[in-house]
Number of protein chains: 2
Amino acid sequence: MKSYTPDGHIETALTEQHAKELDIIELFFFAYRDFTADPDMILEKLTFGRAHHRVLYFVNRKPGMTVAELLEVLKITKQSLARVLKQLIDTGHIVQIQGPRDRRQRELYPTHQGRALALELAAPQSRRIANALEQLDPSDRAVIEHFLKAMVNPAQWQQIDSLPKSG
Amino acid sequence: MKSYTPDGHIETALTEQHAKELDIIELFFFAYRDFTADPDMILEKLTFGRAHHRVLYFVNRKPGMTVAELLEVLKITKQSLARVLKQLIDTGHIVQIQGPRDRRQRELYPTHQGRALALELAAPQSRRIANALEQLDPSDRAVIEHFLKAMVNPAQWQQIDSLPKSG
DNA sequence: AGATTATGTCAGCGTTGTTGACTTAATTTT
DNA sequence: AAAATTAAGTCAACAACGCTGACATAATCT
């Protein structure tokens, strides 16, 4: 029973009846929005954006990454990366070192300053996640991780697995 | 034991040792990227973007929303909304109706075309979520929902709860 | 020697966000 | 009834961050 209207507009709300998993769709939207809002505030003061965050994050997670690897992970173009990477280098957060095997390559490393910023940006996100997990049974952690990984395209799993575990 | 280098760059990877919950931080990043990639492809053909998707989604979830309510949910400015909303109205996906109580207000409703597009955009996201949930115990659904809600700022819970449950 | 590869760069463009200022119409307050 | 406030729309300018296409350089591979 749909409530049609003279001029054809719809007054009934879209619900689970029409499309499955709507509640998780919108929770995911709100959760990710707030999850990124914390670092965004820190970045603003440095006139950096979310793009800088992502670059800085992955260079810290896997020091020595080449430009090509980074493009593959971030799925953006060389020109988009060039802009933010240049700024991160100019501000002393990242350094480039000529590849030892292949001297065409530029290996990317964080400076101490770059590491410090990466940690500062991660802190509120860690806190938010830890807080959310505290409300659950410790065993549920594996459930969350499994769910999130299953949400990623399998083609990307290799990239995730290639990041250092803990050392 | 940190591996310092002559010129001061850092070669050790950032891991759980330095910041808690790093694995979930990056899984969340990858998961959300792929989660939004599906609808993005559909939107491209219509020369719409993610902003159109969000507006269309919430107008479908709560028909009769006013412009002010939508701004509050999306947390963007009036000018940002105006552009995409105008396009959605011009293309016949959304209609505006003068508020019955307060005639200054414009209540927003989806057209049949707008509802159809919202469903089309939700389909791949529902599928992705359903697929991820299939790999878990049915009881774990509540865990995911609880975790995601806990990731949202409590100030926003009221907005989430105000959306129609199912009817 | 010639082709390919990794990176960098130039020029231009589109989407989506921002701020500030102003208008119009309707409602609320005094 | 006049004044203040509110909801919405609009104009102009701007910034961040994506994109494409084309081209340059150096190093490596065939």
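Which pattern does chain A follow, read along the sequence? Select chain A and trace the elements in order: α-α-β-α-α-β-β-α-α-α. That makes seven helices and three strands. Keep in mind that this is a predicted model.

Turn the view along the principal axes. The C-alpha trace spans about 70 × 45 × 35 Å.

Now colour chain A by burial. Of its 167 residues, 32% count as buried. Next, look at contacts in chain A with a separation of 6 or more. Residues 24 or more positions apart account for 49% of them.

**Stop two: where two chains pack**

Select residues 140–151 of chain A, which form helix H6. An angle over 145 degrees would count as roughly antiparallel. H6(A) and H5(B) are therefore oblique to each other. Their crossing is right-handed.

Show the side chains at this contact. From H6(A), pick Phe147(A), Ala150(A) and Met151(A). From H5(B), pick Arg128(B), Asn131(B) and Ala132(B).

What kinds of residue make the contact of H6(A) with H5(B)? Colour them by type: four are nonpolar, one is polar and one is charged.

Conventions. Residues numbered from 1 in each chain as written. Chains lettered and ligands numbered in written order. Predicted model: local features only at pLDDT ≥ 70, side-chain atom pairs only at ≥ 80, totals over all residues. Axes fitted to C-alpha atoms, helices over the stretch in contact; angles between N-to-C directions. Helix = DSSP H or I, 4+ residues; strand = E, 2+ residues; numbered from the N terminus. Parallel < 35°, antiparallel > 145°, perpendicular 65-115°, else oblique. Left-handed = near helix turned anticlockwise from the far one by under 90°. Contact = placed C-beta atoms within 7 Å. Nonpolar A, V, L, I, M, F, W, Y, C, P; charged D, E, K, R; others polar. Buried ≥ 20, exposed ≤ 12 C-beta atoms within 10 Å, placed from the backbone.
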